[in-house]
Amino acid sequence: MEFRLLGAFEISDGDSEVRGLRRQERLLLAALLLKANELVSVAELVDLLWPDDPPSDARGAVQVYVSRLRKAGLRIRGTSAGYAVEVDPETVDLVRFRQLAEQARRTADPVERADGLRTALDLWRGQPLADLVSGDARERLCAGLEEELRTAEEDRIAADLAAGRHESLATELAGLVAASPLRERLVVAWMTALYRAGRKAEALAAYSELADRLAGEFGLDPAPAVRRLRLAILRDDPSLLQRASAQVRDDVPRELPVDISLLLGRDDLLAEGTAELTRTDLDRAPVYCLWGGAGVGKSAAGTRIGHLVAEAFPDGQLFARLQDVDGTAVPAGTLLGRMLRSLGVKPVPDSVEDRARLFQERTAERSILVVLDDALDVDEVEPLLPTGPRCAAIVTSRRPLRELTTASHRQVTPLDEATSRGLLTQLIGRTLRDNKATVDTVAGECAGLPLALRIVGSRLALSGDDALETLVGALADDEQRLDSLVAGDLAVRTSLDRTLTLADPDARRLFDCLSLIGVTEFPSWVAAPLLDRDEPAGVATFGRLIDLGLVEPVGHQQYKMHDLVRSYSAERLAQAGDGDAPRKRYLAAVHRLTALADKKLNHGLTLTAHLSVPDRPTLPGAEQVLADDPTSWFSRSWQLINAAAFAAVRTGEIELAGLLALHVNNYYLASEQLEPRIAVLEAARDALRVTGPFELAVRTEIAVTHAYHRPPLEMLREGERLLELANRSGSPDLQLRALLEMNHGARWSGATEEALGYCARALAIVDASGELELMRPVVLRHMASGYTDLHDYTRAVATLEKVLEISVPGTMSVGQDLSILGEIKLELGELDESEQLLRQAMANFRSVSSYYHLAWPTAVLARVAIRRGRVAEAAQLIAEVESWFEVEPWPVQVQLRPAKASLAFANGDFESGREIIRAVVEKARARGDAQFEAAFQQHLAELEEHHSTGRSMPSAGAVDGQPS
């Protein structure tokens, strides 16, 4: 596919345009493409899609749109932080525009530079995305793009001027200035073109028009560069007609390090730095401070900016590295002595004060650039800054030097994925055989750090292709990762060592302990148990690690540490050998928060009902967040909980691992995240089998068995095995749960009477026990499903009404009761009641964001709509369910396929309807789901009868009580 953003939004596949996407889906895709292959936060997408009044379930709606885009063939990666569309950069016209413009700007010949920029500009077809968004939203989304367009246009004009095309430019610029009369760079180019075309009076008139407009509208004078040009025109300065060749003086210091050969992804930084350092409207020397974490490329960017502006400082360029190779600060007196000698001062005074005073005097009237690399603090920087307004300074540091209040401060951040891949490819210097995906993996492991990319690139440039796989393995291994990032005197570990020396003891301790979390992204509350401090102290400590570039913020009090940095953290903790206490405190905090969130989550499930919430440690801030929205808390935290459970298994805290697995299992059941659910339950089960409490082991065994979605006969056999284990445990609760598993297997294999027998045995356990009353609605719900299978709707309805009386309203479990009851009412032809019940069920499932369960009443409601002649509404409901799943789980198919068949018959497409039912019958038969097979066969017979007799559209009998 190809994507065009520079004008009306277009998607093409070959020669044809891709259509069928709705406006909101196209807008979301456009927002992702503007940052192709980069994560865009969900909050940012919600703000764009609904700037004024977002829906209550905006996050869920975004998930739906993303799912539809995936169905349209787009590759979209999703994380808790947001979404990224994965495309070949060459397929996006915006990326091609930037590449062509950058390539043209690097061309020395002005004719080729102008033509190259013109080729880039030809990709623009009009206002970007004007067909999708307007007003403030478009301004926020596209303001940067339009500024890129204007800058490229101005660069092209400058290149045309340098190429001697002033005659044609004089005419062209008249129109451009009329459209944008306050863009001073355009006015400068127009004045220059007019003067070179022999139209001096018109050039001066252009200046007067600009000056009058600025004075009248804003009370301002034109910029110094425009005023200087006017004076040069008045004097007929020869330099206006032909650029004078620069005269290189050999009597001034030129100490800038050699410019790096490849510097990608820093264009904005270079442009801003160049503009800041060449300002002429200040009465002091401008200072440009670049700060960022280890290996991020601060020094390379500072050196490049220094070379770009060097000609503006004819009295020389001084360079000083403020740290020795071992990371210790070089004394200010030593550095001042070196710089004074570079300026020709002999002899140099002895005292620091005299050296500083003399340096200020020598820079007061000169035009000198000072570059100070790797500064530690403001106190060592201030004596080294030049004083004269014609001077300037570049300062790089590993943390922000905010005390330099008159300086401009910019953070140098890691490169994005696309730029990292481009840099690594160019550093390797050759195409590796059929290994693009592997190169991409290596680039990703480098965390966007140019230092790491240069180390890897230099190694691969000197080695054969076979070394690539070895390097991939080393980078994926926590213990080998940092050892593989060494080449000559370059080493990521050394750079990180020097950064961490700047941290205070609490920040160093937190950094070391962060490897215990085991995930890349984590919330602020983790610092409290790791440090044994309160939450505000933890947030403050995270702030200091952010300043050093060791962690990065990814949301409100959410942070990220790349695997590369985490490996370094783990190394330090292992060397210190004192990670046991913080690990125990941290795992205890995860346990308490997970148990609290499980209790707050309105699921109504009972497997963890008997488990208590630990009393400590208390984290008031985190606990309030999860109390406000436990579903969202789980969606952000499930990876962290799984990692904690696995860590508990590794360290022998087996009971804790089982408790965490059971508490997070309820969230997984609601959200149908099958793979992580099974992974954590299996890990806990296997450990508990060996050394854990037997009853907890059986409980975990029941949970993981339920997660497998096995065919009915296997479920029946597993239920029998579980009952044997439950009998050994002596727990009535576990015996009851094993009987319910046997009920599932018997019922779905078609042995409904046998299934009801298991339910009766379970109910007897409830009646005999004084402590299992919470299980009564669960057992009755299964019995009602069995009565439904037998078409004994009177007993089914009565049982469900009793369940609703004794259940907690609004829970996911009650949503299941309402769904069964709504389906029965549909079968009985009581459509008003059916619709009301199904909509209540949908509200319950939406409250816990369980789209897996929500599919059930939604699909049944589609059948109700068909019965009532609302075919378009039914089609919309079915399409909505389909959009939630890339692959529909079997229990969803059980409800959705009959609805789709009914819709096909309602639309007169009888053969498609028959084929839908035949396919699901075959699948049910293959699984041994006799009950479902019979229900589908009955549904097809009723549809055929409707087709032949013309009576009102039937519905399938209720075919399920609870999705697995």
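R863 and E823 are both buried, where buried means under 20% relative accessible area, exposed over 50% and partly exposed in between (1.4 Å probe, protein chains only). The two form a salt bridge with the closest N and O atoms 3.6 Å apart; the term stands for a side-chain nitrogen of Lys or Arg within 4 Å of a carboxyl oxygen of Asp or Glu. That pair links distant parts of the chain, with R863 in helix α38 and E823 in helix α36, 40 residues apart. Helices (H or I, at least four residues) and strands (E, at least two) are DSSP runs, numbered from the N terminus.

Keep in mind that this is a predicted model: local features need pLDDT of at least 70, side-chain atom pairs count only at pLDDT 80 or more, and totals for chains, interfaces and linings use all residues. Residues are numbered from 1 along each chain as its sequence is written, and side-chain values use heavy atoms, leaving out hydrogens and water.

Back to the charges: the count comes to 74 salt bridges. One of them joins R509 and D578 at 3.1 Å, N to O. R509 sits in helix α21 and D578 in the loop between α24 and α25, so this pair ties together parts 69 residues apart in sequence. Here R509 is partly exposed at 23% relative accessible area, and D578 is partly exposed too, at 36%.

Now look at helix α17 (residues 436-445). T438, V439, V442, A443 and E445 are its buried residues.
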